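I opened this model to learn my way around it. These are my notes, in the order I looked things up.

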Amino acid sequence: MALSISSLTSSFSSLSFSSQISPKSQTLTLSSPTKSKSFSSQIRHKTTPSLVVVASSATVATPLEVERKSIEKLVKSRLPGGFAAQTIIGTGRRKCAIARVVLQEGTGKFIINYRDAKEYLQGNPLWLQYIKVPLVTLGYETSYDVFIKAHGGGLSGQAQAISLGIARALLKVSENYRTALRKEGLLTRDSRIVERKKVGLKKARKAPQFSKR
């Protein structure tokens with residue numbers, strides 16, 4: 001009998017303990033939404049000013065973008081009707097690169113894809129030399145403005161394609177330039193391209209190591 005009474009008392013005590021806990025849990029659940037609401041409202045107040053600052057800074061144009069827009073306006077004003085409507089035009093190719101070149105009397109500007117040539121060719125002196133060779137050969141480096149559309153290949157291939165395009169465009173100015181340009185090899189299309197990979201080889205010519213056994 002003593003054991004049964006003790007078990008009953010323990011069960012009653014547990015019931016009373018759970019009844020005491022339940023109101024506290026209810027008060028916690030009731031108070032939690034107000035805290036979360038106030039916390040979320042604080043977050044909103046803190047984040048909204050930063051969003052406004054980002055939106056305002058995105059509208060400011062960089063000097064580089066302004067320069068490109070001015071160059072684009074210049075090209076459109078100098079070439080009404082686009083590249084195809086011009087008379088002094090030449091096309092050059094090298095590897096996978098193709099360049100269409102238009103010559104106009106000017107002061108020696110080079111504009112490639114609506115960008116300054118020095119910026120487009122990353123200031124590489126060799127590539128800049130490639131595009132100037134035909135005009136320097138004839139002594140016209142400050143007599144013509146050159147407008148170019150280039151695509152395909154890399155910058156090195158595009159620079160050599162531009163050189164061929166300028167040389168071909170100069171022939172439309174006068175056929176008398178052919179001798180001087182031909183002597184420097186500026187009218188010859190360089191047909192060298194990367195040789196294709198062969199089956200069973202690692203590259204075009206490289207073979208795996210030979211093993212006799």
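The entries below go from the overall layout to single residues.

**Ground rules.** I am reading a predicted model, where local features need pLDDT of at least 70, side-chain atom pairs count only at pLDDT 80 or more, and totals for chains, interfaces and linings use all residues. Residues are numbered from 1 along each chain as its sequence is written, and side-chain values use heavy atoms, with hydrogens and water left out.

**Layout.** I began with the secondary structure. The protein has 6 helices and 5 strands. I take both as DSSP runs, numbered from the N terminus: helices are H or I with at least four residues, strands are E with at least two. Along the sequence the pattern reads α-α-β-β-β-β-α-α-β-α-α. Then I looked up burial. Of the 213 residues, 25% count as buried. Buried means under 20% relative accessible area, exposed means over 50%, and partly exposed lies in between, with a 1.4 Å probe and protein chains only.

**The sheet.** In what order do the strands lie in the sheet? I read E1-E2-E5-E3-E4, an open sheet of 5 strands with mixed pairing. Its edge strands are E1 and E4 (115-116), each pairing on one side only. Two strands pair if DSSP finds at least two bridges between them. Strands of a sheet pair through backbone hydrogen bonds, either parallel or antiparallel.

I went through the pairs next.
- E1 (residues 89-94) and E2 (residues 97-105) run antiparallel over 6 bridges. Here Gly-90 has Val-101 in E2 as its bridge partner.
- E2 and E5 are also antiparallel, over 8 bridges. Val-102 stands opposite Phe-147 in E5.
- E3 (residues 110-112) and E4 are antiparallel over 2 bridges. Ile-112 faces Arg-115 in E4.

**Two positive phi angles.** I stopped at the E1-E2 hairpin, which has 2 residues between its strands. Lys-95 lies in that loop. Its phi is positive, about 55°, although Lys-95 is not a glycine. Is Lys-95 buried, partly exposed or exposed? At 45% relative accessibility, Lys-95 counts as partly exposed.

Gln-122 is another non-glycine residue with a positive phi, about 60°. I found Gln-122 in the loop between H3 (117-120) and H4. Gln-122 is exposed, with a relative accessible area of 62%.

**Asp-145.** Next I checked a charged residue in E5 (residues 144-151), which holds Asp-145. Asp-145 is buried, at 4% relative accessible area. What does the side chain of Asp-145 contact? I found a polar contact with the side chain of Arg-78, at 3.2 Å. A polar contact is a pair of N or O atoms within 3.5 Å; within protein, one must be able to donate a hydrogen and the other to accept it, and residues adjacent in sequence count only if both atoms are side-chain atoms. I also noted the backbone nitrogen of Thr-107, which lies 2.9 Å from a polar atom of the Asp-145 side chain.

Arg-94 sits in E1. Arg-94 is buried, with a relative accessible area of 7%. Its side chain joins that of Gln-160 through a polar contact of 3.0 Å.

I then looked at H5 (155-173). H5 has 19 residues and reaches 27 Å from its first C-alpha to its last, close to the expected 27 Å. The expected span is 1.5 Å times one less than the number of residues. H5 is mostly covered, with 14 of its 19 residues buried.

**The largest pocket.** A pocket is found on a 1 Å grid over the protein atoms alone: it is an open set of points where a 1.4 Å probe fits, with protein on both sides within 12 Å along at least five of seven lines, and lining residues have an atom within 4 Å of a point. The largest pocket holds about 250 Å³. That volume is the space filled by probe spheres set on the points, which are joined across faces, edges and corners.

The lining has 14 residues, and the closest to the centre are Gln-160, Ser-163, Leu-164, Gly-185 and Thr-188. Which element gives the most to the lining? H5 does, with 3 residues. E1, H4 (125-138) and H5 each supply at least two. By class I noted 4 nonpolar, 4 polar and 6 charged residues. Ala, Val, Leu, Ile, Met, Phe, Trp, Tyr, Cys and Pro count as nonpolar, Asp, Glu, Lys and Arg as charged, and the others, Gly among them, as polar.
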